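Take a moment with the sequence and the 3D view below. Then read on for a short tour.

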Amino acid sequence: MSEDDSEAAASIEEVTAAFDELYSEISTVLVGNEDVVEQFAVALLTGGHVLVEGVPGVAKTTAANAFARALGLEHRRVQMTPDLLPVDITGTHVYRDATGEFELERGPIFANLVVADEINRATPKTQSALLEAMQEGTVTIEGETQELPAPFMVVATQNPIEMEGTFALPEAQRDRFQFKVTIDIPERNVEREILDRFDADAALGPEDVNQALTSTEITALRARVMQVQVADEIKKYVLDIVHAVRESPQISMGGSPRATLAFLNAGKARAAIRGRDYVIPDDVKALVNPILRHRVILSTEAELKDRPVDEILRETVATVSVPSESSLPSGE
C-alpha cells in the first residue's frame, strides 16, 4: 500500500494484503504460529493489548519483538523483575545541573509498542503502572497527565509454570488485555523446520525482520476495519455466548462488557484480514478462547477437577445456537 492510498481508509483487499506481508516478514524467524500473528494483528488494528503465555523456549519474546520490528514503530522491551519500580516504566522528573531545572525523563512506556517481558515477575504496584496506559493511552507522572504516542500497544509475556518469585495478574489487569494468546510446544514437523532454519543461519533473530507497514498505513487499515459490517444476528450470537459463559455452573465469574466489545471489534478485524466486509459466526467462535480464557474465574468444583478453561469454554459455546446463513441480511 502506498502512502497516498493510506491517507484515506484502506480497502478490504489492502487489509488482507497487509496482513500477508506482515506474516511473511515475521515468519522469517517465527516458524508456524500464524494464529498467534493473526491475533497480534487483530489487536493492533483494534487498539487492543495482548498477553502471551507459554513455557520457556517457545519464542514468546521472539514473537513479540519480531512483530514490533515488522511494524516499523518505535518499540521498547522492559524486563519485568521484582525490584522494578513504577517510575522505571513511566519515567520521572530529573534535575539537570546545566539548566537548574527539573526535566521530564520519559520511561519505556512512551513507545508505540511496549514488550513487557515476564510481566508476572513484577510486583502488583509496578504492574498497575500499566493500567492507565493500557486503558486511557496516557500516564500520570507527579500529577501531570502525559499523552502516549499513537498507535499504542502492550504485548506482555508470562510463564505459566514458574510460581516462585511471581505475582499473578489481578482480574482488573487481565481484563485490560484484549487477548490472552497461548504459544504451545511445536509439533514435530514444525520443530524440524526450526532445526533446519537455524542450522542454515544460527544468528537468525528478530533483527532480521524487515518493516512491513508504516504508521500511516496502520491508521488507514484501522479505519477500514471499523467499517466492517456486523449483522444483528451476529451481535445476538456474541451476547448469547457471553451470557452462556457467565451462567455456566463451571464459571464463577464471566467476561465483562469489555469482553463483549472485544468480540465486536476483533470480529471486524478478523473478517477484514480474511477478505470479508462482514463478520460471520466463525469469526466469533475463533475469538472465544483468546478473549475469555483470562477473564473468567472457574468455579470451585471446576478448579478441584483441574479442568482446563479452554475446554470449558469450548463445551459452553457448543451449547449456543449458531445463526444460520438465511438469518443474516441479504448479501452477507
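Predicted model: local features only at pLDDT ≥ 70, side-chain atom pairs only at ≥ 80, totals over all residues.

Begin at strand 3, which covers residues 91-96. Its partner is strand 4, residues 101-106. The two run antiparallel. Six bridges join them. Strand 3 and strand 4 form a hairpin, with four residues between them. Look at G100 in that turn. Its phi is positive, about 70 degrees.

Next comes the largest pocket. Its volume is about 490 Å³. Twenty residues line it. Which of them lie nearest its centre? They are E53, Q158, A168, R174 and K180. Several elements contribute to this lining. Strand 1 (50-53), strand 9 (179-182) and helix 14 (309-317) each supply at least two residues. By type, the lining holds eight nonpolar, six polar and six charged residues.

Move on to the second largest pocket. About 390 Å³ of space lies inside it. Its lining counts 23 residues. T46, G47, G48, H49 and M134 lie nearest the centre. Here the elements giving two or more residues to the lining are helix 6 (129-136) and helix 11 (257-273). How do the lining residues divide by type, and how many are charged? Ten are nonpolar, eight are polar and five are charged.

Definitions and conventions:
Residues numbered from 1 in each chain as written. Heavy atoms only, no water. Pairing = 2+ DSSP bridges. 1 Å grid on protein atoms, 1.4 Å probe; cavity = no way out; pocket = protein on both sides within 12 Å on 5 of 7 lines; lining within 4 Å. Points joined across faces, edges and corners; volume = space filled by probe spheres on them. Nonpolar A, V, L, I, M, F, W, Y, C, P; charged D, E, K, R; others polar.
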